[in-house]
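The following paragraphs are intended to be read alongside the sequence and the structure. They begin with the chain as a whole and then turn to its cores and to individual residues.

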Amino acid sequence: MVRGYWARPTARLDLAVFLQFLGTGVAIGSVPRYLRDDLGASRAVTGFATTIFFIAALLARPFIGRFLDRSGARLLLLWPPLVMAALIVGQHWASSPYVVAGLRFAAGAAGACFYTAALSLTTELAPADEQTKAVARLSVAVYLGFIIGPLLAEQLLRSGFFVVWIGSAVCHVAAFAAARFLTFPAKASALGSAEPAARLTFYRGAIGPGVALLTVAFAFSTVSAFTPDYAKNLAVARPSTLFAVFAASVLAVRLVSGRIADRRGPFSVAVPGIALGAVGMAIAATAPSASVGYLAMVAIGVGSGASFPAITSIVTSRAPAADRGVAVASLLMFNDVGQALGGPLSGKVADSFGWRWVFGVPALVGILGTVAITVLAIRVHRSVGVESIVTPALEH
């Protein structure tokens, strides 16, 4: 069974993505400390240098999508890991926090190239009736990298920041090595720049699903940023366990949600997933005790974990093959906005109205996401019929 899994082109892509995001996770777990401890950056500058990663990704997405549809995924999966390896090591000679911010901006653009290409390629490599499952597996690889990376950074920090930068770079170079063995469909290199569809820089069909995804990313960003403080306010004995429950819930649901979405249609997972995430946020905002806080983390984790692969499938299954790169890039732009806004906006409101609003704000945003995905489901139902909604592949 294991040998059969690794024979799949999507499995080799999962490995490359895991290694790439393991290196990114190491950076996420160490760059803020480097800015504060070694370069004396303020909290505001540290936050800016962290957020700028997502801003760069947002600005780069339209150009990435257009390049994907013209030239394919190969180059965007090979050179970004090497660029990110060089950038992370280059931080060792940064003279100010603003130089680090500039390097993180460049890393954000390179990372956006890699992930957009990976997400687009996995939908091409997977069979039509297994696309959501393939996206779910890919997102598990991403998430594992984000979880393990900061833990690895903590161990490497015992030997100094330069060792951390080398460790991150090694992960990125390993991702490059894994990407060299990927299978690329003929379509990836056959599309010519003369094709009209390749001139698109934004796919309008991504707007509805994108609004829903923005709310999911908003929630994820908030949980990642404020779970430690939230745990202290709930008097949780071991604050790290609260985020661990959330992370475990995300991973657990992604192992099964893709298969369900492929069998019953992506809306059957996306609609209840976003709604459950909003309910979980509301529970977290009003939790009277630590035990209820843990229950809220499970609901948020299951809801957000199930939603992303299903929303991606909604877009990729309806986009023309020639526009798939632009479609994926357009969808991920909404994810970037949600990631960039979630922590700062929730924190600002909580500073003014109380710590419970850290999760109250994303609860309200989650209601917007639930409305957006429900309206989209109704519109698709009316335009293509019930059969297209509940079957694995949408006919387009």
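This is a predicted model: local features need pLDDT of at least 70, side-chain atom pairs count only at pLDDT 80 or more; totals for chains, interfaces and linings use all residues.

The C-alpha trace spans about 55 × 45 × 40 Å along its principal axes. In secondary structure, the chain has 16 helices and zero strands. Of the contacts with a sequence separation of 6 or more, 84% are accounted for by residues 24 or more positions apart.

The surface may be considered next. The accessible surface of the chain comes to about 16,400 Å², and carbon and sulfur atoms contribute 67% of that area. Of the 396 residues, 55% count as buried. The side chains include 30 that are positive and 16 that are negative, and the centres of these two sets lie 2 Å apart.

In soluble globular proteins, nonpolar side chains tend to be buried together. In this model the largest nonpolar core has 58 residues, and Val 17 and Leu 77 are those with the most contacts inside it. Helix H6, residues 97–125, supplies the largest share of this core, with nine residues. Which residues does Leu 77 touch, not counting residues up to four places away in sequence? They are Leu 13, Phe 114, Ala 117, Ala 118, Leu 121, Ala 179, Leu 182 and Phe 184.

Ala 153 lies in helix H7, which covers residues 131–156. Its relative accessible area is 0%, and Ala 153 is therefore buried, the limit being under 20%. Setting aside residues up to four places away in sequence, Ala 153 touches Val 26, Gly 29, Ser 30 and Val 164. Cys 171 is 18 residues from Ala 153 in sequence, and their C-alpha atoms are 12 Å apart in space.

Ala 377 belongs to helix H15, residues 357–384. Is this residue buried or exposed? Ala 377 counts as buried because its relative accessibility is 15%, below the 20% limit. Between Ala 377 and Leu 75, which are 302 residues apart along the chain, the C-alpha separation is 36 Å.

Two further residues are found in loops. Thr 201 is in the loop between helix H9 (186–190) and H10. With a relative accessible area of 36%, Thr 201 is partly exposed, since that class lies between the 20% and 50% limits. Residues touched by Thr 201, not counting those up to four places away in sequence, are Pro 62, Arg 66, Val 326 and Ser 330. Thr 201 and Val 163 are 38 residues apart along the chain, and their C-alpha atoms are separated by 40 Å.

Ala 235 occupies the loop between helix H10 (207–233) and helix H11 (239–264). Its relative accessibility is 64%, so Ala 235 counts as exposed, the cut-off being over 50%. What is the phi of Ala 235? The value is near 60°, which is positive although the residue is other than glycine. Most residues other than glycine have a negative phi.

Methods: Residues are numbered from 1 along each chain as its sequence is written. Side-chain values use heavy atoms; hydrogens and water are left out. Helices (H or I, at least four residues) and strands (E, at least two) are DSSP runs, numbered from the N terminus. Buried means under 20% relative accessible area, exposed over 50%, partly exposed in between (1.4 Å probe, protein chains only). Contact means heavy atoms within 4.5 Å. Accessible areas come from the Shrake-Rupley method with a 1.4 Å probe; for residues, only the protein chains shown count as cover. Lys and Arg count as positive and Asp and Glu as negative; His and the chain ends are not counted. The place of a charge is taken as NZ of Lys, CZ of Arg, CG of Asp or CD of Glu. A nonpolar core is a set of buried Ala, Val, Leu, Ile, Met, Phe, Trp, Tyr and Cys residues joined through side-chain atoms within 4.5 Å.
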